[in-house]
Every structure is written in structure tokens, then in C-alpha cells.
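Please keep the coordinates open while reading this note.

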Amino acid sequence: MAKIISMTDVKKIYAMGEQQVQALRGISFEVEQGEFLSIMGPSGSGKSTCMNMIGCLDRPSSGVVSICGKQTALMSENELSVLRNRTIGFVFQQYHLLPAMTVLENAMLPLRYQKIEKSLRRDMALEALEKVGLSDRIKHFPSELSGGQKQRVAIARATVTKPSIILADEPTGALDSTTGEQVLELFGKINEGGTTIVIVTHDPRIGKATRRCIHIFDGLIKNDEKITPIPFKEAMKR
Ligand code: ADP
């Protein structure tokens, strides 16, 4: 199987005036297409930095990050944004929907950067919204939706380009446990279609519900384990 994400001895150093912060101190792992994994760690452990590397939002200070076989350090900003738009769908804790746009317009947004005709963009967004069960809310604005519905719009937006990877940052962090479980079920369904899912979280319940869990601590991988996942419903009750 092809390695969709590959990190080799990745280090990231932030300069803070005279001081340097080592956010990642040499992490290595590989992810195959179709995996469903969580990256877990406490606040400050380097999760967001790691996510930024996978999401082509930042480049490493040293080491090699390769996404779909492409080394991000060798790419221009423009090439990175194309790779990001074509390959990765992002889901955030606070949804990041545009408030002045309808559900349908929000779901169509990532397609704006691809040369696709408007009627086809609309059809693709309608299909993505149907898959998350929101066909009856397409004309609503985000402010008219519940937290769970907003996250489902965000998932439709993330999947509308049919990306190889979904990268989710604390996707259930703002939701109650039942709604969180529904969101995880949805990720499970998307994963069954072959999409790689990476969830970045500090929530150990999610770590127990994914087939692989990488624990980051103090900028290093403490543990990288394949587990028999607990069903989402059970995991979120704990
Ligand atoms: P987490 O997502 O696990 O909370 P981060 O990746 O955000 O951890 O941060 C890891 C470390 O790097 C922390 O010590 C944090 O303060 C530092 N850090 C993160 N981003 C920056 C930045 N842009 N500039 C300076 N230090 C940063």
C-alpha cells in the first residue's frame, strides 16, 4: 500500500526573540491510505505543529515530510496550497464556517479554487451535504444550526473535493458526547470509502476509538500503537 503521509525525523523550532522553542524534536511515522488514526497528547505537546506539517500549512525546520509522495520542504507556497486543496480536507473544533454564506455556499467553497463549472460545484456540494444528512438545511445560515449540524456542514465542506486525507483538529471538542459520537460515526463512514482520517485530539476517548493512536509528548512520539478500537458509542460514554 502507498504511504500517504511520511514523516522522517521531523523537527520544528520556533524562534521567540532570543529564545528557541522546540515544538517537534524528531518525530517519524508513516500512514497508509485508508488508515483511521488519532494523534493524541496534552496541551503544548506539539499536536498542532504536527497537524500543520501534515496539512501542508507549515514546513519542518529539518527532517522530511512527504504527503502523497511529495516532499513539502521542496515546494513553493503556491504548490503547497494546490497540494492542500486537492489532497486534504480540514475539520476544526470551532467549525470555521463563513457566517454570511448559506450551508450550500459553505459546502461549495473549496471547489471555488478548482476549475469546475458552477452547476457541477453545486451538484457536488449537494451530494456531500446529502451524505452528512443535511439536504433539508441547504438554505440555512450557520447561525441557524446546532453545533452538531455545523460540524456536519464542515465535514461536507471537507469532503466535497473528495480528498485523500481528512485532517480533523479536536472535531468533537465543542460537542456533547452524543453529538460527538455521531460526528465520529460519520468519520467512520467516510473512512470506509477509503479516505484516510487523522484526528488530532487531547481526548483519550477518541484515542481508544481509532484503530491506531500516536501519542505525542514534549515534541516526541511516546507511543505508536495499533489497537482494537472500542465502538464510538461506548468510547464517548466513558
Ligand atoms: P499542542 O497543539 O499539542 O497544544 P503546539 O504544537 O501548539 O502544541 O505547541 C508545541 C510547543 O510549541 C508549545 O510549547 C508552544 O508554545 C510552541 N509553539 C507553537 N506554535 C508556536 C509559534 N508560532 N511560535 C512560538 N512557539 C510556538
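Predicted model: local features only at pLDDT ≥ 70, side-chain atom pairs only at ≥ 80, totals over all residues.

1. The open sheet. Four strands form an open sheet in the order β2-β1-β4-β5, with antiparallel pairing. The edges are β2 (19-32) and β5 (70-71), each of which pairs on one side only.

2. The β4-β5 pairing. Strand β4 spans residues 62-67 and pairs with β5 in the antiparallel sense over two bridges. Ser-66 has Gln-71 in β5 as its bridge partner.

3. The helix on the sheet. Helix α1 (residues 47-54) lies across β1, β2 and β4. The helix runs at about 125 degrees to β1.

4. A nonpolar surface patch. Tyr-14, Met-16 and Val-21 make up a nonpolar patch on the surface. Together they have about 270 Å² of accessible area. Met-16 sits in strand β1 (residues 3-16). Its relative accessibility is 54%, so Met-16 counts as exposed.

5. Salt bridges: Glu-77 and Arg-59. The count of salt bridges comes to ten. One of them joins Glu-77 to Arg-59, with the closest N and O atoms 2.6 Å apart. Glu-77 belongs to helix α2 (residues 77-87) and Arg-59 to the loop between α1 and β4, so the pair ties together parts that are 18 residues apart in sequence. Glu-77 is exposed at 54% relative accessibility. Arg-59 is partly exposed at 25%.

6. Salt bridges: Asp-136 and Arg-137. These side chains meet in a salt bridge of 3.2 Å, N to O. Asp-136 is exposed, at 54% relative accessibility. Arg-137 is partly exposed, at 25%.

7. Arg-212 and Asp-224 meet through their side chains at 2.8 Å, N to O. Arg-212 lies in strand β9 (residues 212-217) and Asp-224 in strand β10, so this pair ties together parts that are twelve residues apart in sequence. Which of the two is buried, and which partly exposed? Arg-212 is buried, because its relative accessible area of 5% falls under the 20% cut-off. Asp-224, with 35%, is partly exposed. Glu-35 is linked with Arg-212 and Asp-224 in a network of salt bridges.

8. Ile-221. This residue also lies in strand β10 (residues 220-226). Ile-221 is partly exposed, at 26% relative accessibility. Leaving out residues up to four places away in sequence, Ile-221 touches Ile-27, Ser-28, Phe-29, Ile-214 and His-215.

Terms used:
Residues numbered from 1 in each chain as written. Heavy atoms only, no water. Patch = residues over 30% accessible without salt bridge, like charges linked within 9 Å, V, L, I, M, F, W, Y side chains within 5 Å. Areas by Shrake-Rupley, 256 points an atom, 1.4 Å probe, with all protein chains shown as cover. Salt bridge = Lys/Arg side-chain N within 4 Å of Asp/Glu carboxyl O. Buried < 20%, exposed > 50% of the residue type's maximum accessible area, 1.4 Å probe, protein only. Pairing = 2+ DSSP bridges. Contact = heavy atoms within 4.5 Å. Axes fitted to C-alpha atoms, helices over the stretch in contact; angles between N-to-C directions.
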